[in-house]
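Subject: Structure handover

Hello,

Here is the structure we talked about handing over. Please look it over first; my notes follow below.

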Amino acid sequence: MDHKLLEIKNLTVHYVVDKEVVEAVNEISLTVEEGATIGLVGETGAGKTTTALSIMGLVPNPPGKVVSGEILLNGEDLLKKSNKEMRRIRGKDLAMIFQDPMTSLNPVMTVGDQITEVIQLHEKISKAEAQKKACAMLELVGITGERYGEYPHQFSGGMKQRVIIAIALACNPKLLIADEPTTALDVTIQAQVLDLMRSLKETYGTAMILITHDLGVVAEVCDQVAIMYAGEIVEKGTLEDIYNSPRHPYTVGLFQSIPDLDVESERLNIIPGMMPDPANLPEGCNFCDRCSHADGRCVKPPPAVKVSDTHEVRCWLAAGGEEGKR
């Protein structure tokens, strides 16, 4: 993991709805190394899915617009690619598992044909060879090849998710984006799908961005973690950095809200308040109104502070009162 596969530099994405500007993603920067898995964690509305759609070139326009920044895949800026060029890249170099397996498959095509279609789009092989490879992909994700000719409604939720994983990995992409891939599944099936994704990732050497609310899932799967809040990455580092020494008050609050089985308590710890309206963000720190450590400095945007070679925090607490670079 010594090569930068993906570099996101100062990415800003807005949605303009009825003359109202929704600041969904604000100047985020992120690096994914070859073969690494990074967890993107945060509340609903933090900007995680918009970040993923920006990488894939799928931000709906209108109302969405990438205002500024760069998204470099192996040094090439994806934001400068035409729609035709992005269609060649999606599925081959980049692939995405979307949130809901129930709505991600075409209901009038067999699952086998949907995998075959992706293979034929990106590989110069005959239909028979593509069908053979599609059957092999089904087998690889734990579904017998005999079910090639069945339709999505004939599969359970967990099986649909396996089919989507097969489609995503059919052309051995360099980067897989998994947007809450286990949210709609029960706990037992979640574990099976995560084990499958981890195994296939190791087999193919694929880098992965895992978008999730679940810090337990991140601990099992990821090498690095980025915490998003109100369109910003407020803390990022290695798994050990974030889990052993969280520095941002929001990250600390997320960990404190996890139930402790060794402590008997009547109520869970919560982070008070709500995330700010992305159409009306505060001038200073976005987390200020919910933070117990807020002081006079928080009326200004906090600096991004390197607390170690691998650990970065966007907070005045980490800055020690000194003005830093954004």
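Please keep in mind that the model is predicted.

Backbone points

A230 is not a glycine, yet its phi is positive, near 50 degrees. With a relative accessibility of 5%, A230 counts as buried, since buried means under 20% relative accessible area.

N172 is another non-glycine residue with a positive phi, in this case about 55 degrees. It is placed in the loop between α5 and β7 (175-179). N172 has a relative accessible area of 39%, so it is partly exposed.

The loop between α1 (48-56) and β4 (64-73) contains P62, and P63 lies in the loop between α1 and β4 as well. The peptide bond joining N61 and P62 is cis, with omega about -5 degrees. The bond joining P62 and P63 is also cis, and its omega is about 10 degrees.

Helix α4

Helix α4 covers residues 127-140, which is 14 residues. From its first C-alpha to its last it reaches 20 Å, close to the 20 Å expected at 1.5 Å a residue. Which residues of α4 are buried? They are A130, A134, M137 and L138. Looking down the axis of α4, these buried residues fall within an arc of 100 degrees, so they line one face of the helix. A128 and K132, on the other side of α4, are exposed.

What covers the buried residues of α4? The cover includes α3 (111-122), α5 (157-169) and α6 (187-204). After α4 comes G142, which has a positive phi near 90 degrees.

How α3 meets α4

The axes of α3 and α4 are 8 Å apart, and the two helices pack at an angle of about 120 degrees. That angle makes α3 oblique to α4. Their crossing is right-handed. On the α3 side, G112, I115, T116, I119 and Q120 take part in the contact. They meet K127, A130, Q131, K133, A134, M137 and L138 of α4.

A166 in α5

A166 belongs to helix α5. Is A166 buried or exposed? It is buried, with a relative accessible area of 0%. Setting aside neighbours within four places in sequence, A166 is in contact with I115, M137 and V141. A166 and G142 are 24 residues apart along the chain, and their C-alpha atoms are separated by 9.8 Å.

How α5 meets α6

The axes of α5 and α6 come within 10 Å and cross at roughly 15 degrees. This makes α5 roughly parallel to α6. The crossing of α5 and α6 is right-handed. From α5, the residues in contact are G158, Q161, R162, I165 and L169. Their partners in α6 are I189, Q192, V193, L196, M197 and L200.

Regards

How values were computed
Residues are numbered from 1 along each chain as its sequence is written. This is a predicted model: local features need pLDDT of at least 70, side-chain atom pairs count only at pLDDT 80 or more; totals for chains, interfaces and linings use all residues. Side-chain values use heavy atoms; hydrogens and water are left out. Helices (H or I, at least four residues) and strands (E, at least two) are DSSP runs, numbered from the N terminus. The expected span of a helix is 1.5 Å times one less than its number of residues. Buried means under 20% relative accessible area, exposed over 50%, partly exposed in between (1.4 Å probe, protein chains only). The arc is that of the directions from the helix axis to the C-beta atoms. Contact means heavy atoms within 4.5 Å. Axes are lines fitted to C-alpha atoms, for helices over the stretch in contact, and angles run from 0 to 180 degrees between N-to-C directions. Angles under 35 degrees count as roughly parallel, over 145 as roughly antiparallel, 65 to 115 as roughly perpendicular and the rest as oblique. A crossing is left-handed if the near helix is turned anticlockwise from the far one by less than a right angle, and right-handed if clockwise.
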